[in-house]
Amino acid sequence: MNALSYTRYELLRTLRNRRFFILSLGFPLVLYFLIAGSTRNVRNLDGTGISAPMYFMVGMIAFGTMSAMLSCGARIAAERAVGWNRQLRISPLTTRSYFRAKVLTAYMMALLSMIVLYVAGVSLGVSMPVHDWLEMTLLILVCLVPFAALGIAIGHMLTPDSIGPAMGGGIGLLAFLGGVWFPISSHGFLHDFSPLLPSYWLVQASHVALGGHPLSTKGWIVIAAWTVALAALARRAYRRDTRRV
């Protein structure tokens, strides 16, 4: 199996898995409508000048895309359980091609999650200039890179039975510490600790639509550092899993 065929297979397999596809995209969408639907007419949330549908849309986009990127770990764990990874290792497929296909599949799900939530936001009255949509989208895509590496790493470290609770708890914790559900205070533990996490800068990237500033130098450093560290962890977990075969 060559790299192009495997990548195509991964993308099509994900799209054809209706249960996974619907749940991955549907949960953030339903949650958004439950939160923002009842406040769709609030155009000045807590005196910020920001409408409630827009504020909750950007927060849910950070949550939904982060979940989509990490979801590749669940598929990897399932593949390991049935022995599919062992078949791949005796094929001509290279490790780099394997990782590339997993990352592209995760990004496909993240992009679809963004599009669905964009459409949902517009349906509730969200509007902004085209360049704001584009800037927010590009920044979010960059900030998702470490989550792709994390998804691959946990997929090779955990079993199908354990990865569900680990992902659910991990995503919830990262969302909480990153400020998805509420703004991080200007002082205290979270103010000092949260900027060290990639989820915080993912949220900041989404807040560009709310008038926030593009990522600072510290933000780029944090994203790059986590990407390098988690990519190394993913490669190590993959090689350790290979040696067990």
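Let me start with a term: on a 1 Å grid over the protein atoms alone, a pocket is an open set of points where a 1.4 Å probe fits, with protein on both sides within 12 Å along at least five of seven lines, and its lining residues have an atom within 4 Å of a point. This is a predicted model, where local features need pLDDT of at least 70 and side-chain atom pairs count only at pLDDT 80 or more, while totals for chains, interfaces and linings use all residues. Residues are numbered from 1 along each chain as its sequence is written, and side-chain values use heavy atoms, without hydrogens or water.

So, the pocket. The largest pocket has 20 lining residues. Which of them lie nearest its centre? They are Tyr-200, Gln-204, His-207, Gly-212 and His-213. The largest pocket holds about 320 Å³ of space; that volume is the space filled by probe spheres set on the points, with grid points joined across faces, edges and corners. Helix H10, residues 198–206, gives the most to this lining, with four residues. Helices here are DSSP runs (H or I, at least four residues), numbered from the N terminus.

Next, the rings. A search of the whole structure finds ten aromatic pairs. Rings of Phe, Tyr and Trp (its six-membered ring) pair if their centres lie within 6.5 Å; planes under 30 degrees apart are stacked, over 60 edge-to-face, and the rest tilted.

Take Phe-63 and Trp-181. They form a tilted pair, 5.2 Å centre to centre, with 50° between the planes. Phe-63 sits in helix H3 (52–82) and Trp-181 in the loop between H8 (160–178) and H9 (189–193), so the pair ties together parts 118 residues apart in sequence. Buried or partly exposed? Phe-63 is buried at 8% relative accessibility, and Trp-181 is partly exposed at 37%. The cut-offs: buried is under 20% relative accessible area, exposed over 50%, partly exposed in between (1.4 Å probe, protein chains only). Ring pairs also link Phe-27 with Phe-63 and Trp-181 in a cluster.

Now Tyr-118. Tyr-118 is buried, at 14% relative accessibility, and Trp-133 is buried at 16%. Their ring centres are 4.8 Å apart with the planes at 80°, so this pair is edge-to-face. Tyr-118 belongs to helix H5 (residues 95–123) and Trp-133 to helix H6 (residues 130–143), 15 residues apart.

Last, H6 itself. Its buried residues include Asp-132, Met-136 and Leu-139.

Methods
Helix = DSSP H or I, 4+ residues; strand = E, 2+ residues; numbered from the N terminus.
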